[in-house]
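Student: Could you take me on a close look at a single strand and the sheet around it? I'd like to see who pairs with whom, and then what surrounds that part.

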Amino acid sequence: MYNVGIIGFGKMGILHGALLNGTGRANLVAICDKSLVMRWGFKRVYPSVKVFENIEKMLEQSNLDLVIVATPTFNHMESALKCIDKGCHVFIEKPLAINYEQAETIRQTAEKKGVKVQVGYCNRFCPSITKGKQIIEAQGIGHIISAKACMYIADVFEAYSGWRYCKETSGGGVLMDFGIHMLDEICWYFGKIDSVQATSKRIYSKEVEDELNAVINFKNGIKVIFDTSWSKENYRKSYSKLEINGDRGKLIVTDQTLVRYDLEENIIEEYTYPQLYPGAFMDIGGLNYSYQIATLIELMDSQCKTTNIQDAVYDQFIVEKLYESSEKNILITC
Amino acid sequence: MINIDQVILGDNQFFGVNHMSQDKGKETYEHFKDLTEIKRILNYALSKGVKGVMFSTHPSIGQICDMIRKEEYLKRNLNFYVNVPYIIKYVSMVTEMGIYETIKTTLESQKGNGRFKFMTKTLGNVITLNHMGILKRLIDVELAPFYDLNIKAVFLHNALCDLILGYNMKNVLLSYDDYIRTQYNAIPGYGTLNYVAFANFLNKCGLNESLVMTAVNKNGFLMNPSRDKVTDAINENKHTVLAMATLASGSIMPQEAYEYIATTQVRNVVVGLSSQKHADETFEIISKNILRG
C-alpha cells in the first residue's frame, strides 16, 4: 500500500485522491493546501487524513511514497523539488512548469535523485487516442503526410483575473493551460518537431493568448495545422480533434471517437465513445483519468524509471518556440 | 423494491448532451431549446402513461419549472426526479474561481423571500466550518426552482457519489440520505458509474435498500468494472436500480437495448427521446419488454 500526499487540493487533487484510494493500492494520508476551508473542510469529512499548510511539514511527518502536485502551475517546481529532495515519487499535473527551464530543472533533479516523475497528460489514456496511435503505428493509413489538430472549449468570455490569466504565474494562456494536451498528443503520435510558425490572439484576456494557431513541421516531414481556443462558443466540454492524412487513408481521432477512411473516403472502421469503453477499476471523471492512475501505480511497482517526463519537458520546449514565433511573427527552427 | 415510476423521461435531450459526439449534442440542443417543444414532449410522455421526468438543475431549469407550474395538467401529473448538482456548471466555476469562491458565489445566488434566513444559516455553517451544513444549503439552492412541484426523488450526481465512494465518506452519504427524506420528503437516490463498489458501500453504510441510478446496457458502456460484474451485483443486492444509458448514447437500437435489459433484473429505466418516431418505438418496446404487470 502506497502512502500518498496531495499538494493543492482543488478539482484535480480531489479527483486523483479518490481514484488512488479506489485502486485499493494506495491510501491518501496527507493533504497540503493553503486554504483553511479546504484543509479543515476535508478533514471534517475524511478524518483519517493529516492536513498541512506547509509542504516541508507534510513531508517530514507523513512518510509518503508518492506525492501528487496539483497546485497552480507557478508552484509546480517548488513543490516538486521539495518532494524529490525527500526521495518521494511525484505525479505533477500538466503543464509541468511555467517554462522550459523550470521543467528541465525538475527532470534533472529527479534523475539525480533516482525519483520517478510522471506528468498528467491524461489524453494519452483516452481509449480513442490510444487506439489511433496503434493504427498509425501499424501503418493503418500508410505513410503520414499531414494533419489538422484542434482543441476547443467555451470557457473564457471576459477578462478574468486569476493566476491562469497572468503570464508570470501561468506561463501562458490557452496553449499552456489547455492546448498543450493536443501538442502532447501530436508529439506522441509524430515525434520531434523541426520548425513552427504561430500566431496568437488575445480576445478577452489582458496578458495571455485566448487563441493560438500554428503550422508545425515535424522532422519526419509531417505538416500539422494546429488550432486551439478557450473562447470558442458551443464547446460546453473540452473537445479535441486530430485529422491525419496518410497515403493510404485518413484517420479522425477525437477524445471520444475514431474513424478510419480509405483514400476513396469509405469508412474502414469507426468507433464512438460507447464502443470504446473497456471499463476500469473505477470511473469518476472519465476513463483516461482512471487509466492514468492505474499506470502510475504500475510505475510505482516497477523497477523501471522511465516515465513521460522527457516528453513533458519537450512539450514545454515547443510551447516556448510557439510563443517566440507568435511574438516575432517568424518561422522558428526547433 | 422502492416504488418509483418504471419509465422516467430523461432530460439530456433538452440540453444537448450526447456522449456519442459533441456535434450531435449541439444538433439536439438546437432542436429542443424552445419551451413549447419541451411542453409538447412532456404532454406526449403523459399521453403514453409516462409520469416520471428527470431533470438536472441546468441553468434553464427555472424557466422550465415556471412553465410547468403554469400548466395545471403537467403540474398535477408529473413526478419529478431531480439530479443534483448540475455538475458541468460547477466544474467550469471551480476552474475559474476555485472551490471556495464557487461555493460562496452559488450560495449568494439564492434569491427570494427566504434569502435572509438562508444566508444567516449559511453564515453560521461557514463560521463553524460545518461542511455538511454547507452541502445542505447547496442542495437547497439546487432544488429551489422546483418549489410546488412533486419531487419524488433527488439523485446525487454520479460524479459526487463516486468521489464519496473513493473517499469512503460514510457520514456524508448518511447525512444526504437523511436530509432528502426529512427536508424534502423525497426518496434519496444515488448516481454511480461504479455500481459494484457503490452497492457495497451503501450496504456498509446500512442503506441496504437504496435507489441507485447507474448505466445498464448491452455494450457495457459506463459500467465498471465490467458489464457482467455490474449485472451480477444488481442481482445480488437489494437496491432498486434505475437504469440509465440503456441505449449506450444511441449506439444500440431500442429493440436490442431493451431486450437486453429484459434479461437483467432491472425494471426501471430512464429514457431519452429524440424524435416522435423514436419515442413511439421506444415506448412500445419498453412496454413489451420491461413493464411489470
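Tutor: Let's start with one pair of residues: A:Ile144 has A:Gly246 as its bridge partner in S11(A). Before going on, know that this is a predicted model, where local features need pLDDT of at least 70, side-chain atom pairs count only at pLDDT 80 or more, and totals for chains, interfaces and linings use all residues. Residues are numbered from 1 along each chain as its sequence is written, chains are lettered from A and ligands numbered from 1 in the order in which they are written, and side-chain values use heavy atoms, with hydrogens and water left out.

Back to our strand. S7(A) and S11(A) run antiparallel and are paired over eight bridges (two strands pair if DSSP finds at least two bridges between them). The names are simple: helices (H or I, at least four residues) and strands (E, at least two) are DSSP runs, numbered from the N terminus.

S11(A) also pairs with S12(A), again antiparallel, through five bridges. Here A:Lys241 stands opposite A:Thr254 of S12(A). Three residues separate S11(A) and S12(A), and the two form a hairpin.

How covered is strand S11 of chain A? Strand S11 (residues 239-246) of chain A has six buried residues out of eight, so it is largely enclosed by the rest of the structure. Buried means under 20% relative accessible area, exposed means over 50%, and partly exposed is in between (1.4 Å probe, protein chains only).

Follow the chain onward and you get to the next pairing. Strand S12 (residues 250-254) of chain A is joined by four bridges to strand S13 (residues 258-261) of chain A, and the two run antiparallel. One example is A:Lys250, whose bridge partner in S13(A) is A:Tyr261.

Now put these strands in their sheet. It is an open sheet of nine strands of chain A with mixed pairing, in the order S14-S13-S12-S11-S7-S10-S9-S8-S15. At the edges are strand S14 (267-271) and strand S15 (332-333) of chain A, each pairing on one side only.

Leaving out residues up to four places away in sequence, A:Lys321 touches A:Val196, A:Ile332, A:Thr333 and A:Cys334 (contact means heavy atoms within 4.5 Å).

Another lysine is worth a peek. The charged end of A:Lys192 sits over the ring of A:Tyr314, 4.2 Å from its centre. For that label, NZ of Lys or CZ of Arg has to be within 6 Å of the ring centre and within 35 degrees of the ring normal.

The ring centres of A:Phe157 and A:Tyr204 are 5.7 Å apart and their planes are at 70 degrees, so the pair is edge-to-face. Rings of Phe, Tyr and Trp (its six-membered ring) pair if their centres lie within 6.5 Å; planes under 30 degrees apart count as stacked, over 60 as edge-to-face and the rest as tilted. A:Phe157 is in the loop between strand S7 (144-152) and helix H7 (167-170) of chain A, while A:Tyr204 is in the loop between strand S8 (193-201) and strand S9 (211-218) of chain A, so the pair ties together parts 47 residues apart in sequence. A:Phe157 counts as partly exposed at 30% relative accessibility, and A:Tyr204 is partly exposed with a relative accessible area of 30%.

Finally, a step back to the nonpolar cores. In soluble globular proteins, nonpolar side chains tend to be buried together. A nonpolar core is a set of buried Ala, Val, Leu, Ile, Met, Phe, Trp, Tyr and Cys residues joined through side-chain atoms within 4.5 Å. In the largest one, of 126 residues, A:Leu28, B:Ile68 and B:Phe146 touch the most other members. Helix H9 (residues 287-301) of chain A gives this core its largest share, seven residues. Apart from that core lies another, of 75 residues, including A:Ile84, A:Val119, A:Ile244 and A:Val313.
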